[in-house]
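Colleague: I have a model open in my viewer and would like to learn how to read it. Could you walk me through it?

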Amino acid sequence: MTFQALIFDVDGTLAETEEAHRRAFNETFGDFGLDWHWSRAVYADLLKITGGKERIRHFIDHYRPGDAERVRDIVGQLHQEKTARYVRNMGGGGVRLRPGVERLIREAAAAGMRLAIATTTSLPNVKILLDEALGAGATGLFEVIAAGDMVAAKKPAPDVYLLALERLGLPADACLAIEDSYNGVMSARRAGITTLATTSDYTRLEDLRYAFGVLSDLGEPDAPFLHFSGVGAGESHVTVDLLQRWCRGRAMPY
């Protein structure tokens with residue numbers, strides 16, 4: 001079947017944002033007088049848990065149980081301030097999308113393809129990334145933005161993708177998702193959506209077997225992607241036409 005909509009994840013998929021998130025968390029902890037510091041190793045472990053508030057709670061339970069009584073009730077405040085700090089930090093400029101992302105988004109929009117986002121991050125985080133990387137008002141390129149604070153259960157639950165499908169008014173087999181992580185791939189697949197994975201800094205070693213193709217990135221004509229599994233062997237960069245061809249011949253893994 002020819003697909004009609006592309007649904008993008010955000011963090012790690014559109015851009016390598018996780019270090020910016022880690023910085024914002026650590027700065028927020030300092031603002032609240034907490035002696036917490038999330039190293040790359042700790043953050044890699046926490047990324048297995050989707051959602052910022054959920055990560056903070058997981059950190060308390062598994063790393064700082066002694067802080068639970070005094071911190072548990074302000075998790076929402078911590079996360080709210082972390083989001084605000086992330087937005088301020090990202091507003092400083094220098095946001096770069098991953099290889100091929102802007103090209104594919106603009107190509108798809110020019111071809112009349114419907115575009116959507118399905119993410120566990122907060123809506124302000126999505127907006128600042130798009131506006132800084134693609135220009136003011138770039139959120140208008142996306143017909144639907146389904147964010148983590150709009151659903152009851154975050155990835156790997158399918159809720160955010162089901163919400164995106166509902167708002168698009170499309171069946172799952174009319175869409176294709178682009179993700180970077182195990183949780184993201186499983187979320188899209190549980191919603192019945194064919195999924196392409198592009199590995200990111202924090203997900204290179206994750207199990208992405210349920211994607212119908214695993215690539216290093218979307219590639220550019222002069223900077224080919226690396227092919228790891230599934231569709232994409234022998235190609236250099238992902239285009240709308242190539243995605244359509246892959247989807248017409250797809251044999252979905254389960």
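Predicted model: local features only at pLDDT ≥ 70, side-chain atom pairs only at ≥ 80, totals over all residues.

Modeller: Gladly. Helix 9, residues 182-190, is mostly covered, as seven of its nine residues are buried.

Colleague: Which residues of helix 9 are buried?

Modeller: They are Asn 183, Gly 184, Val 185, Met 186, Ser 187, Ala 188 and Arg 189.

Colleague: And what do the buried residues of helix 9 pack against?

Modeller: Their packing partners are helix 8 (159-168), strand 4 (175-179) and strand 5 (194-198).

Colleague: Let me step back to the whole chain. How many helices and strands are there?

Modeller: The protein chain has ten helices and seven strands. The C-alpha atoms fill a box of roughly 55 × 40 × 35 Å along the principal axes. A compact globule of 254 residues would have a radius of gyration near 18 Å, and the protein chain agrees because its value is 18 Å.

Colleague: What share of the residues is buried?

Modeller: Of the 254 residues, 55% count as buried. The chain exposes about 10800 Å², and 49% of that comes from carbon and sulfur atoms.

Colleague: How should I read contacts along the sequence?

Modeller: Take the contacts between residues at least 6 apart in sequence: 62% of them join residues at least 24 apart. Gln 244, in helix 10 (residues 240-248), gives you a case to look at. The C-alpha atoms of Gln 244 and Phe 3 are separated by 6.8 Å, although these residues are 241 residues apart along the chain.

Colleague: Is Gln 244 buried or exposed, and which residues is Gln 244 in contact with, leaving aside its neighbours within four places in sequence?

Modeller: Gln 244 is buried, with a relative accessible area of 10%. With those neighbours set aside, Gln 244 is in contact with Thr 2, Phe 3 and Met 113.

Colleague: Now the charges, please. What is the general idea behind a salt bridge?

Modeller: Side chains of opposite charge can pair when their charged atoms come close. A search of the whole structure here finds 22 salt bridges. The chain has 29 positive and 34 negative charges, and their mean positions are 1 Å apart.

Colleague: Could you show me a pair within a helix?

Modeller: First, the general idea: an α-helix has 3.6 residues a turn, so residues three or four places apart point the same way. Now look at Arg 103 and Glu 107, whose side chains meet in a salt bridge at 3.8 Å, N to O. Arg 103 and Glu 107 are separated by about one helical turn because they are four residues apart in helix 6 (residues 101-110). Glu 107 is partly exposed, at 26% relative accessible area.

Colleague: And which parts does the salt bridge of Glu 143 and Arg 114 tie together?

Modeller: The side chains of Glu 143 and Arg 114 meet at 2.6 Å, N to O. Glu 143 lies in the loop between helix 7 (123-134) and strand 3 (144-146), and Arg 114 lies in strand 2 (residues 114-118), so the pair ties together parts that are 29 residues apart in sequence. Both are partly exposed, Glu 143 with a relative accessible area of 46% and Arg 114 with 23%.

Colleague: Which residues do salt bridges that share partners join into one network?

Modeller: Arg 23, Glu 27, Asp 31 and Arg 85 are joined that way.

Conventions:
Residues numbered from 1 in each chain as written. Heavy atoms only, no water. Helix = DSSP H or I, 4+ residues; strand = E, 2+ residues; numbered from the N terminus. Rg over C-alpha atoms; globule rule 2.2 N^0.38 Å. Buried < 20%, exposed > 50% of the residue type's maximum accessible area, 1.4 Å probe, protein only. Contact = heavy atoms within 4.5 Å. Areas by Shrake-Rupley, 256 points an atom, 1.4 Å probe, with all protein chains shown as cover. Lys, Arg positive; Asp, Glu negative; His and termini not counted. Charge placed at Lys NZ, Arg CZ, Asp CG, Glu CD. Salt bridge = Lys/Arg side-chain N within 4 Å of Asp/Glu carboxyl O.
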